[in-house]
Protein chains: 2
Amino acid sequence: MEPSSLKPLIDFFEVRDNLSDAERQILSSLPLRRHVFQRNEEMVRAHTQPRESCIVLKGLAARAVYMQNGARQLTAVHVPGDFVDLHAFLLKVMDHSVVALGECEVAFVPHEQLMRISQEQPHLTRLFWMSTVIDAAIHRAWLASIGRRSPEQHIAHLFCELYTRLETIGFARGMTFGFPVTQSEVADMLGLSLVHVNRTIQQLRSKYFVNWDGTTVHIKDFDRLAEFSEFDPSYLSLIKIPR
Amino acid sequence: MEPSSLKPLIDFFEVRDNLSDAERQILSSLPLRRHVFQRNEEMVRAHTQPRESCIVLKGLAARAVYMQNGARQLTAVHVPGDFVDLHAFLLKVMDHSVVALGECEVAFVPHEQLMRISQEQPHLTRLFWMSTVIDAAIHRAWLASIGRRSPEQHIAHLFCELYTRLETIGFARGMTFGFPVTQSEVADMLGLSLVHVNRTIQQLRSKYFVNWDGTTVHIKDFDRLAEFSEFDPSYLSLIKIPR
DNA sequence: CGGCAAATTGACACATCTCAAAGCCTGTGG
DNA sequence: CCACAGGCTTTGAGATGTGTCAATTTGCCG
């Protein structure tokens, strides 16, 4: 098997707009520095000033904001094809960290390359821009979840989101996807305690047709889960429109 | 007094990077449709497909996500100079609404203008992009607040954020700023109930050197408030760096 | 003065956290 | 192959935090 490719990134864009051959070519020939991170390793560190931005190729990553007492809040999960750290290109100084959830392979792209594209490729630039704007939409959906959904609904919504995003790029089949995450990490996504997450997951297992054994999520009835959690995928911008 | 100008938008950019005369000129000559919204009016509606994006000129606006039962979560507050709805330019379909908090004057810019800039002005495009990426950073800060800060810290953090942002564009002086907002609206920002917000505010008033009479926030000791709420303004990218 | 909208209070139910102890599973060394 | 260590998951119990409901009070405006 050849090394993980940028195909999921290209899929990410092509689900939402058309790419020209030239654009596909530019993306495919980006000089990449590949790296595999182990569970919990920081691939981008808060307060640093990165000179490259990373794309998830395989596995999962998450954005994390740390508090002084060591607590943290995860603010998004990223799947293969996500240009996770594009934010750094504009922010210059990171406001948060990006950590690996389970083993995670990423590709780093130098900012000079992004700058070149931003100078010469308006359409591709807009697609990059779109990717960060979708990240913001995901943050808003998470804010709604944490602020106004019950813990049960929140987890259900999270699973619907991840399944949908993974399915879009061909990384989920048969209502199943890999989610090698600790309950404590889910607690950091939900802003709850480990113990409460544990109890909530037990309720979900018994009531709402989802199962998660710590490694794999299996959704037994997606529609029911989506209805229960008020999941509406439109915030993921899964429509092909000229951008 | 002439009508509210785009000066705060230009200030927003110039705090973070240098603008050329040509760029300032392009911004100043954008064709604008001005409109004043009353408290609680929706200036951008979720699920619609706007053909223009709006900039706050005066007053405050907020992003809102609505749930089926009528509850809502506010995900950000916007101040004069914020190009609030730039997201619509890339998203095409809105995932959320933008509502006026108190009386709010905005300027709408047609997407054709933004498209023209994105085709011809790479640097200005990056600044627009930066503005949306800062919005995402604000969402992350709010996620951390709602998930990992106490209600008291959360409100304190919110006041620090707003004071800092307003001060930056010259809309706050003497540790005071206008915040003509209802406790119920603050509850929608914090993801809490009205009653709990009321009690929390009373605690803040007595303990933490802040006052808010429903119209104006007065911060008696900013440093103490910032320390208490772990406010670190770096997520607002207030540094002048070439972008 | 009368009428509202918003702020405040009180009482009580329910949700969530913390602490601490068990139970489970897996990899390793003997 | 078994015992044990370490990391997760699960449970229990009691302390706090938050929500809900309903009544009161306050402030502003016609």
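The model is predicted. Chain B superposes on chain A by a rotation of 180° with 0.0 Å of shift along the axis, at an RMSD of 0.0 Å. The two copies are thus related as by a two-fold rotation axis. Chain B and chain A bury about 4900 Å² between them, and α8 of chain A and α8 of chain B each give two or more residues to the surface near DNA strand D.

**Symmetry of the pair**

- Two copies of a chain are related by a rotation about an axis and a shift along it.
- A rotation of 180° brings chain B onto chain A, with a shift of 0.0 Å.
- Both copies use the same surface, since 100% of the contact residues of chain B recur in chain A.
- In chain B, the residue that comes closest to the rotation axis is A136(B), with its C-alpha at 2.3 Å.

**Interface of chain B and chain A**

- The contact involves 54 residues of chain B and 54 residues of chain A.
- Of the area of about 4900 Å² buried between the chains, 67% is on carbon and sulfur atoms.
- Three residues, W129(B), R140(B) and R148(B), supply 19% of the area that chain B buries against chain A, more than any other three residues.
- The interface holds 4 salt bridges and 26 residue pairs in polar contact, with both residues at pLDDT 80 or more.
- R148(B) forms a salt bridge with D188(A), with the closest N and O atoms 2.8 Å apart.
- On the side of chain B that touches chain A, the elements giving two or more residues are β3 (52-66), β4 (72-78), α3 (86-91), α4 (111-120), α5 (122-148) and α7 (183-190).
- The largest share of that side, 19 residues, comes from α5(B).
- By class, the side of chain B that touches chain A divides into 27 nonpolar, 15 polar and 12 charged residues.

**Surface near DNA strand D**

- DNA strand D is surrounded by 15 residues, the closest being Q183(A), N198(A), R199(A), Q202(A) and S193(B).
- From chain A, polar side-chain atoms lie 2.7 Å (Q183(A)) and 2.6 Å (Q202(A)) from a phosphate oxygen of DNA strand D.
- From chain B, an N or O atom in the side chain of S193(B) is 2.9 Å from a phosphate oxygen of DNA strand D.
- The elements giving two or more residues here are α8 (194-207) of chain A and α8 (194-207) of chain B, and α8(A) provides the largest share, 6 residues.
- The surface near DNA strand D has 5 nonpolar, 7 polar and 3 charged residues.

**Surface near DNA strand C**

- DNA strand C is surrounded by 13 residues, the closest being S193(A), Q183(B), N198(B), R199(B) and Q202(B).
- A side-chain N or O atom of N198(B) is 2.8 Å from a phosphate oxygen of DNA strand C, and a polar side-chain atom of Q202(B) lies 2.6 Å from a phosphate oxygen of DNA strand C.
- A side-chain N or O atom of R199(B) is 2.4 Å from a base nitrogen of DNA strand C.
- Both α8 of chain A and α8 of chain B give two or more residues to the surface near DNA strand C, with α8(B) giving the most, 6 residues.
- That surface has 5 nonpolar, 6 polar and 2 charged residues.

Methods:
Residues numbered from 1 in each chain as written. Chains lettered and ligands numbered in written order. Predicted model: local features only at pLDDT ≥ 70, side-chain atom pairs only at ≥ 80, totals over all residues. Heavy atoms only, no water. Least-squares fit on C-alpha atoms with pLDDT ≥ 70 in both. Contact = heavy atoms within 4.5 Å. Near = heavy atom within 4 Å. Polar contact = N/O pair within 3.5 Å; in protein donor to acceptor, adjacent residues only side chain to side chain. Helix = DSSP H or I, 4+ residues; strand = E, 2+ residues; numbered from the N terminus. Nonpolar A, V, L, I, M, F, W, Y, C, P; charged D, E, K, R; others polar. Buried area = accessible area lost by both parts, 1.4 Å probe. Salt bridge = Lys/Arg side-chain N within 4 Å of Asp/Glu carboxyl O.
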